[in-house]
Amino acid sequence: MKYLGEEVAYLRGLAEGLEIESATKEGKMICKIIDVLENMADTLDDMQEDYDELVEYVETVDEDLSDVEEILYEEDDDDFDDDDDYDDDEDGLSYIEMECPNCGDLVDIDEELLFDDSVDVICPNCQATILSSDDDEGCCGCECDCEDDKCKE
């Protein structure tokens, strides 16, 4: 914006060199136009400085946000064990990730619930049963391993 300031200074010098006086109607108008141009150039300079400060501030915030994202995603990666679908939280509880057969949503299930025959595991998204306590029963509702509709038990 320095260029505008230089141009306005040139116009002011030109008007003085031409001995344009503010006593005449035309002289008043030319002097006022030069004053307005000078104010506009000063305002644009101030705006450019503010813009440059904002750009620098946004770049700083962006760098800080990148650092925070790196830390957060790094912690998420540390919590996941690549060997299996099990995940331990800070309380020492183990979870297994299962896909709901109804909606396909991934659900974290406490590992202890997998071995509790009295608990039904329900999807929090669609309320469908993911694991049922009835899954361990045989074909006729008993706990044998029969495959036949006519259970001998």
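**Basis of the entries**

I worked on a predicted model, in which local features need pLDDT of at least 70 and side-chain atom pairs count only at pLDDT 80 or more, while totals for chains, interfaces and linings use all residues. Residues are numbered from 1 along each chain as its sequence is written, and side-chain values use heavy atoms, with hydrogens and water left out.

**Overall layout**

I noted three helices and five strands in the protein. These elements are DSSP runs numbered from the N terminus, with helices (H or I) of at least four residues and strands (E) of at least two. Read from the N terminus, their order is α-α-β-β-β-α-β-β.

I then looked up the totals. Of the 153 residues, 12% count as buried. The accessible surface is about 12500 Å², and carbon and sulfur atoms account for 48% of that surface. These areas come from the Shrake-Rupley method with a 1.4 Å probe; for residues, only the protein chains shown count as cover. Taking a contact as heavy atoms within 4.5 Å, I recorded that 21% of the contacts between residues at least 6 apart in sequence join residues at least 24 apart.

**Cysteines**

How many disulfides are there? I counted zero disulfides, a disulfide being a pair of cysteine sulfur atoms within 2.5 Å. For Cys123, the closest cysteine sulfur is that of Cys103, at 3.7 Å, which is too far for a bond. For Cys126, the closest is that of Cys100, at 3.6 Å, and this too is too far for a bond.

**Nonpolar core**

Which residues make up the largest nonpolar core? I found eight: Ile96, Cys100, Val107, Ile109, Val121, Cys123, Ala128 and Ile130. A core here is a set of buried Ala, Val, Leu, Ile, Met, Phe, Trp, Tyr and Cys residues joined through side-chain atoms within 4.5 Å.

**Hairpin of β2 and β3**

I traced strand β2 (residues 94-99) and strand β3 (residues 106-110), which run antiparallel and are joined by five bridges. Two strands pair if DSSP finds at least two bridges between them. The two strands form a hairpin with six residues between them, and Gly104 in the turn has a positive phi of about 80°.

Tyr95 belongs to β2, and its bridge partner in β3 is Asp110. Tyr95 is partly exposed, at a relative accessible area of 23%. I also took the C-alpha separation of Tyr95 and Leu114, which is 9.7 Å for residues 19 apart along the chain.

**Salt bridges**

How many salt bridges does the structure hold? I found two, a salt bridge being a side-chain nitrogen of Lys or Arg within 4 Å of a carboxyl oxygen of Asp or Glu. One links the side chains of Asp35 and Arg12, at 2.8 Å from N to O. Asp35 lies in helix α2 (residues 25-79) and Arg12 in helix α1 (residues 2-17), so this pair ties together parts that are 23 residues apart in sequence.

Glu38 also forms a salt bridge with Arg12, the closest N and O atoms being 2.8 Å apart. Glu38 is in helix α2 and Arg12 in helix α1, so this pair ties together parts that are 26 residues apart in sequence. Through shared partners, Arg12, Asp35 and Glu38 are joined into one network. I checked the exposure of each member: Arg12 is partly exposed at 26%, Asp35 is partly exposed at 31%, and Glu38 is partly exposed at 33%.

**Positive phi outside glycine**

I looked up two further residues. Glu19 is not a glycine, yet has a positive phi of about 55°. Glu19 sits in the loop between α1 and α2 and is exposed, at 66% relative accessibility.

Gln127, likewise a residue other than glycine, has a positive phi near 70°. Its place is the loop between β4 (121-122) and β5 (129-131), and Gln127 is exposed, with a relative accessible area of 54%.

Note on methods
Buried < 20%, exposed > 50% of the residue type's maximum accessible area, 1.4 Å probe, protein only.
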